[in-house]
Every structure is written in structure tokens, then in C-alpha cells.
Amino acid sequence: MDATKLEKLNETLAALPVRGDYNLQVFLADEPAYLKTHQQRLRVALGQAPSPRTTLRLDSAETAQRLMAGGKRAAIGLLAQGKLRLEGDLGQLEELRQELAPHGPSLEQAAEALMSSDTAAKGGLWTRIPEADGAFWSGLRVRWLPNEAADCCMSESCGRAFTLLRRRHHCRGCGRIFCDACAPPRGSPPERRCGRCWSARRGVSGPPAAPMPEPEAPIAKSQSTTELLVEFHVEDALNGVRFWRRGVFGLSLAATAYLVAALRSQERLLLSPFLLLAFFLRRWLLRYAEVGWMCLVILCKVLSARMRCSQRPALAAEAIWALCHKVNARFLFDTVVSLGGFWVKLAQTASVMSALPDAYVEELSKLQDAMPADSLEDVEALLSQELGPKWRERIRLDTGPVLGSATIAQVHRATFLGPEGQELPGVIKVQHRGVEEKLLVDISASVMMGRVLTWLIPHLFSDLSSTIQDTAEMSKAELDFRVEAKSQTLAREKILDAGLDVLVPKVIEEFVTKRVLAMDFVKGVKITEYAGAGVSKQQRTEVLAKLINFYGFTLHGPIFNCDPHPGNLLVEKETGRLCVLDWGQVRQLAQPERFAYAKIFMASMTEDVHLFVEGCKTLGFEFQDMDGKPDPTPIVMINALRFLLRDSRPIAQSRADFVQLEQVFGKLDGETKAIQTGGEQIVKGPLMPLTKTVSLLFEVSSRLDVSLPLMHMFVCHGYPMLLKEMGHGSVQARPSQGSFVLEPSHAAGGASAAPRLAAELLQLLEELHARGRILGAQLCVLDLETGDTLADLALGHCSWLRPVPVTSKTIFNILEISKMFLAFSVLRLVDQKRLQLSTALQDSALGKVTVEQALSHTSGHLKCAPGSSDLAFRDFCDAARMGEELRKEEPLLKPGLRQQYHHACGLWSSEACKKARTELEPCWSSFMEEAGGSVHLRAPSPASAPAGFAEPVPQMRSPSLEDLSKRMVEFEHFVDATNRGRAKTASQAEKAENAMWMSFFGREHWFNPAALNRELPRSSLLPGLQAFATAKDTAQALRGAKRLLSPTLWREASRSRRPNAGEATRMPHHLECFREAEWGLGLQLLTLPDGTARALGHCASNGSVVAVLPGARPLVAAFLVNRSDGFDAQKEVLAALVRHAGATEPAASG
């Protein structure tokens, strides 16, 4: 960056005062810079920021300009493509954007000037071209943003999502993406231009400024005419509903009277018992009729809006839907108020759901503590029944307005008189009249409404009625205030013992009965109102952190509050102290339940299906046999829980998540419909209290406009508890960027022929461990020529739940690296003339599959696992059965057409050995013996591995915005690919991609590294999927292979077999690291970090690598990790080794 231009940017920033305390680290193509607040002014500087709150990593200047052009809408596409990475507090980005929005033009010019030299040199976003007559630069060529950069129109005054009908259009002036209404064809000849570019078109004489969002249209503070018209429409519509209600009721009575009059006396006699029963049950029947009427009105309004919008322009359709939601929300509020009971509880839950339009949230939030209250006479009568006629001698009831009125009770200020006449100010909670009877009726009536909602939104819910019934059953527990008083007292004691800065009011036990509860008075505001009370973002973040930590503590403690809606959460405005009310819906958790919740949260963080199933079974949730046929239910449940507990974000962005999810769910068809059914299991049965609580906490977080890693904060309480229970209490789990660092690191190094290199590499490993990039690792470096050990290092822990130290003797599972050694075993047979590369292993309709094609991933077999969709996991662990399935299965593409990673290609090695009249295991053992290696196809017994095993484990990853974006893109690609592949007009490539994805569907947990830690796979022969060795054994085996194979065959193995045509398709995220991989014969051609040389070796899907590194001093290096996200660490380790080897030329082939 130009220092002069950087100083000019700082001069511009110095004129812009800011209120917030910002500290952002930015990496632009690995060049660090940071932005920090200094004396209420922003300043940009080069280098590393001290303790940054937020980190942005952009791969190029072009990505920076795309981000400036598209704002937060472009960020989603950039995150999904891996061009942008975000870490830390993302909320301050939005806060900074709002502060700098009024100064957009001046900042844009300064930023454009700063990056203009770099961008022009690299072929940036704007490139000048000469006119045909040789005049000075006057034309412009614009590089369009890719379609995936925006899911919504980039006009800030529009922002509507793109659909099948609302298509993307590029502005010819700035290259951004708009809808048709915001960038229509203009001028002659007509060209699509956005409003900004059209206004500036005639005045442009040089490169335009970097595209910036259009200024939002000013919204008038006083829009009385519009508001009055909307209110008139709503009231007019509701009056029409009331008219029809009276008409339908009158017609029903008239029809009933006519039918009774038309009956003969004998028939009337038979009918009289039913009429008498109906008279006694009239209150129940009328409530059923009211619920039925509510469902009918909402259904008619929605269908009417759909019909009216079908032929209307987009803006008109949005206005129609807005009015429809406004009318329905007001009608729903009025009906719920009249019904009371359980319906208010449902409405309170719905009032914080970001998936609902604002109109519903605005109306239903009034029900959190503003229900119509019973009269003072009714309250006094109930107190007389519960406390006796002389209750006034001990209680002075405040006759003023009630403090709050909710579903089951209302709260009054009161003064309590002690036995010696002392006064104690407090509140008294009194149950509504007849609420218990209403609740029993509402449980069955609410199921009917659930079925209507299921019919209206079938792609989101297949059976909402059972979920509503589970919620109703939880509400029954709130009817006895004596139970609530005991729970509240216990919770207060436990929270005081734990030292949490959370207040639970003290119960006044003398005034507690089944329908009356007295407690201390707490002065505060609702937590959702606290955000608008003029407090800073830091204060809101602190309150939310207290709330999440409180629920994390109670969820893993003896008592768990299941009802955290905003009406039950107060904040003392002066102190910021959190107060939790309403302990009616609680669960007292036994120790097995607490451990079960801890396992469920940890399994969701690591996406470990087997740990998740173990936790759910403790709670009483049953699953199919995990070793049986594929069942997508548990992995879908994990993804559903990760979605519910994704990192909190502003409400608008949270609502966009639901819109995107709804669009994808609408595409599900055939077998993929099981995803929808599996996701709904998370909100049913024994998991209902958990999911209800965490979803409400997420919605409250969104209302506070605060970004926090919710799931990680829950695991912070449960994970240390699990470690202590398993006897590893001495291990400290330090939170780090949505994961954990286990301490101490137990770094160790063996004897070395290059002590300086070993010390440098050990220091690098310790830094990677401290940054949370490594759980456990081994690194061995050998001199290729002499075989001297230059470094043999070990560090970290064997697994998350078995954190014993990793030593240089600890056995690692090298996973897919075993494919390379299988290939060497087969190539050794070729060297011995017992086999040829042209030998056919399969004769299919599309052509012969040869040994060469099988070893080079060009066989055309793309499935992750061969066989039919009902193949069981125990079959998957049977090498003989899988080999038989592979032989019967036709390739999906013509052999030799495309090079794409084939996960089960290790089975071809077994077939090749049979062609040479031998078996795989003897062939492997013979090769290892000749090469001087000690890599085992089967796991050694515990007795032969005294240092233990480093288990392959997933990354412990909080569901961040970046993670959610990538998974949503992958999910949508999976749905689109399967739909394309099933179409009648599908091409062969589309059918192949469909088959590849469907072989993964329902089996995703089979490819999670944690699946290999179970007894069945560990004791099985899984060729190409697992093998066992230390880093030193692995490095020695590769060095021995290079010396054992003939130079001619080694050159053949090193030569790329990638065809010129046939691009590899997207793969599941577990295997996406192999999508762009290039192969020889079992050898992967690895591009080194400096980009100037290639190494020969093989990677594993978790980032482990073994390779021959070229250079002045060629090396053999084996870097083994046990955590699934080791590629960042691998990159840094290889970079250090390349510097030592002096790699400046392509790898030698001889």
C-alpha cells in the first residue's frame, strides 16, 4: 500500500468523529492492516492489531471492491466461495457501517485512491480501454459481479430476494446486480442502468468511483396520512370479519332451530340428550368454534392474497402481502386475547420468532406481559379463598394498575406485614380465574390449528400438531404455584452459590398457595426494551452474555428454566443486572440428564452423530440401529440444532436465514423429503424443552442486535463437566475463537540431526496449538538421501474426550493417505511383472476400467460408497462385501473421461492383487517389509500400542455466519443436483452427480472422522479409508517406496493423469479438499504454499500429509493431525519446510 495515500485516508477519517470503540484487523491478500479508534477518531495502520475484536480476511483487492459494492448481501456469496473469512465480534461491523453511512462518498473516494494502484496492476474491477480513434481513455469496461454474489437486489431501497420470477440483472455502469425494477433498460440504444449510474452517465469523463450502495430513500418521521389509511384498511377488514362472524353465528343458530322444529316429537326425544350435553359443554364447544373460525379467516386471507398477487407487479404484490399480514396479525391478537389460556403461551413464544413478518411480532409481543387483567374484585375474592378471609391483616394490596398480566396469572404490587409489624415491599402473583379449565380445552383445539399451519406451509412443517401438544403439556406444570415456589427457591440458592451476577427474586413462603405466590419486588425493564433504552452495544452484549451463561449453567446444573421469553427476563437499567422471573416451566435434572445435554451440545459442535445419539438415548429418544441401514435423522437433527443455535445476528439477517431455508426446503422431493422429517424430530418428545429454550434465547439475542457464539457458550459449561467426569479434570479447556484449546500442550521433541530446524518447527507447532489450530499432532522430517531424522516432534492431546498427551510413539489413523501405500503395493506387483497398468479390473458398458485408471481416480466411479441406498454400515465395514458391490456397479462416467476423487478406490487395489494371484494384506505386508516401513492396515491391539491412539475427531466449531453460509450453499447445491439428475432430460454428467450425492445422503456420518473410532470400523479392514502408524513410520514408508520402486515406474507414478476435459464437480464438505486434487498413480501432486514447486505424496481429509519435498536438500515429511481442520496448520508447516529444503524447482521425477 502507498504510505502517502494511506495518510490521506487517515486525514479523511480524522474529520469523522465516531462514538464506538472499534478494533478491526484486515488481511488483504495476506497483507495485514488494522482500523482502530483513537480519541474518538478512526485510524488505519499497517501491521497486526493488538487484540482485535473482529478479523476480516480478503483474498484480493477485487474481493474488497466486491464487498464494498455489494455490502452485506455480497458478503454471503464471498463467504461461501471462501474469498472472505470473518472472525470475532461481527456486530461491530454493522455498528461501524451505520456510523459511517452519512460519509459514504468521501470515504469511497479515499478508499478507491488507496487501492487504485494495486487494483490496476492486478487487473482490478475497473479497467480502461482506448477509443478506436486513438483518443485519450474515455471508455470503460466493467467486470460484472458474479450471480452468486447477491441473493437480493443490491438497491438499498429495494433489497427483495431473487426468485424464479424476479431475475438478476447487471447494471452496465457499475456491474452490480439488481432486479428489473431497479435497473430497467434506459436510453437509446437501451441499456440496463441503476438509478445512480443513469444519473451520472453523461458527466463521466474517467473511471467512476467504486460502486457504492444507493442512498436509502429518506423515511419521513411523520406519515400520518399513510398510517391512517393503513389503519382504516385494517379496521375495515376486521369489521368485515366481525360482520361475517355474526352472520355465520346467526345462520348456524337459525339452521339448528329449523332442524329441531322440523323433527318429529320422537326424534326430538332422541336428540334431547345430545342437546343437553351440548348445553353443559357450551363453553368448550364455543372455544373450539372460536379456534376453527380463527383458522378459517387466516386461511381465506392468505389464499385471497395469493390470488391477488399472482398477476401483479412485484411492488404491488409486496404491498398486498404487507396489508394481509397486518390484518391477520391484528385479528390473531384480538382472538388470542379473547381466548386467553394456552393460546397466549403460544403467542408469547411466537412473538420473538424472526421467521415471522414484523406485523405479527409487533402485535404478539404485546402479550408478553400486557394481557387483559382480572378485576380487583376477582383478585380479592381469590385471595380470600387461598389465604383466608383475614388476608388484609397481613397484606396491603396496591389498588393501582397491575405490574403485568400474562397467560396464567397477573402480578400486583403489595406490602407484606411481618409478625412484629415490619413492612416488606414485594409483589403478589395471582392466578387468572378459570385458567385451568381453559388450558385443558386449548390443548386439543391447538392441535387443530397446527394441522392448518401444516397445510399452509407444508415444506417447513409436516406435523406441527405434535409439537404444539408437547408445548401444552409443559404448560400444565405452571398451574401449581407451590411447585414454582420450590423451584424458584432452589434456583436462587444454586445461583448464589455459583456466584453468577443474576437475580432471582426471593419467595415469601408465608404467602404461597396453589394459586398465589408472593416474592420480592425487582425494578427493571424487559430485556427486549433494554436495547432501545439508550444503552451502548457493549452493555447489551454484557447482558446477553450473562443470560447465555446463566442458561448454560442451569442446563448443566440441577434445575433448568424452560421458558425464557422476554416477559420473564428483566434488566435493572441502572446496574445492568439480569433478573429471571417465572419458574413454573422448569425441569430438575438428574446427573445423567446433565451429562446427556452436555454430550448433545458437544456432538452438535463437532457434528459427531454417535455422541449425539448416545446423549439422546439417555433422555429417552430412540433411533434406528446405527450399524444398520442409512438413517439421515440424527445428522439432520444435529444440523437443525446448529441452525437454532447459530451465532446470534441482527433480526433482519436472522429473518433472511429462514427465507433462504424455506426456499431450499421447497425444492425437496422424493428421498430428500426425509431431511424435513428428520429436522422436525428436534422439536418433539424429550428434546422439546431444550429446543424451545435455545430457540427463544437466539430470538432474544437477535432482538438485542448483538452477535455472540451461543452454542460455544453453552459448551463452555458442559465440556469441562464431561472432562472432570471422565477423570481428566487436570486438563484445562480454554475457549478460543468458537473452539477450545486444551492445556498444557505437552510439546516434546526426540533426537534430531538438525536441532535448529527441530526447535523452529516445535515453536511453530506450539504457536499453532496456542491459536487453536491443532488438537494433537506429530511431525517427522527425514533427509531423503541419508534417511537422517531431522525432526521427530509430538504435541497436544489424543482426542476431545480422551485428552491424554500425544507422544512420538502415539499411533495415528492416517485415513486417506493409506490409498497411496495401497497404490505402492500394486505398483510393486507391476515392477515384478506380475501385473500391468493396462490390466482390466472391470469390463463395463462404458468401457474397461484398468489398473492405471483405478490408481489415478479416472475410473468413472464417483460414488462415495458403492452399493444400493439400503446398504448398512456393517456392510460398509466389510471389505469383501464392498468389493463385490464395486465389481457389480457400472461406472457413472466413461473411464478416463474425468479425474475426480473416488473415495472407495482403495477397493480396486484388492481387485488388482487378485489379478496377480495374491491377496491385499499379504501384498501390503510384503511391500512394507521391503520398504522398511511399519504402517498397519488394521488397528494394532492396545498391548502393542502402549502410547495409545490419537483418534480422528471433528473440529469443535460454533455455527458462525461463515459456516452457515457454506452449509446452506452446499445444501442448496445438493438439492439442485439431485433434482437435475432425476429429470428426464438429465445429461450423463448430471445423472452421475446425482448418484454421487445420493450415495452420501443419509450416510454423511459414515464419512465423519469420528465414525472410525468405534469398535466395528476400527477392527475392520477398510482399504484406502484407514491405516495406522506414527509420523516417523509413515515418512520412512514413503522414503522406502521411492527407493524401492524402479525409477521408470516412479516417473510414471509422478506423471499427472488429469485429462484435458471434464471439470470435477462439487463434493460433500468432508471430501471437498480433494475436489481440485491432481493425481498420478496413487501419488497426489501437491502444490506447495509458495506456488513455485510441487511435492509428491498424499493428503488426508483432515489435513494430515506425507510428501517428498523437492529442493537443494530434498526432504520427506509426515505431518499427522487428529482434528479434521488441519489444512491451515498444514500450510504453515509446509511453508517452513519448503524454506529449509530450498524448493525452487518442480519435483524431480527420478
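Helices (H or I, at least four residues) and strands (E, at least two) are DSSP runs, numbered from the N terminus. With that in hand, let's look at His 861, which sits in the loop between α27 (851-855) and α28 (873-876). This is a predicted model, where local features need pLDDT of at least 70, side-chain atom pairs count only at pLDDT 80 or more, and totals for chains, interfaces and linings use all residues. Residues are numbered from 1 along each chain as its sequence is written, and side-chain values use heavy atoms, with hydrogens and water left out.

**Around His 861**
- His 861 is buried, with a relative accessible area of 3%; buried means under 20%, exposed over 50% and partly exposed in between (1.4 Å probe, protein chains only).
- Leaving aside neighbours within four places in sequence, His 861 is in contact with residues including Gln 842, Leu 886 and Trp 908, where contact means heavy atoms within 4.5 Å.

**Salt bridges**
- The structure holds 40 salt bridges, each a side-chain nitrogen of Lys or Arg within 4 Å of a carboxyl oxygen of Asp or Glu.
- One of them joins the side chains of Asp 180 and Arg 192 (2.9 Å, N to O).
- Asp 180 lies in the loop between β9 (177-178) and β10 (185-186) and Arg 192 in strand β11 (residues 191-192), so this pair ties together parts twelve residues apart in sequence.
- Asp 180 is partly exposed at 41%, whereas Arg 192 counts as buried at 17%.
- Glu 852, Glu 1052, Arg 1055 and Arg 1057 are linked in a network of salt bridges.
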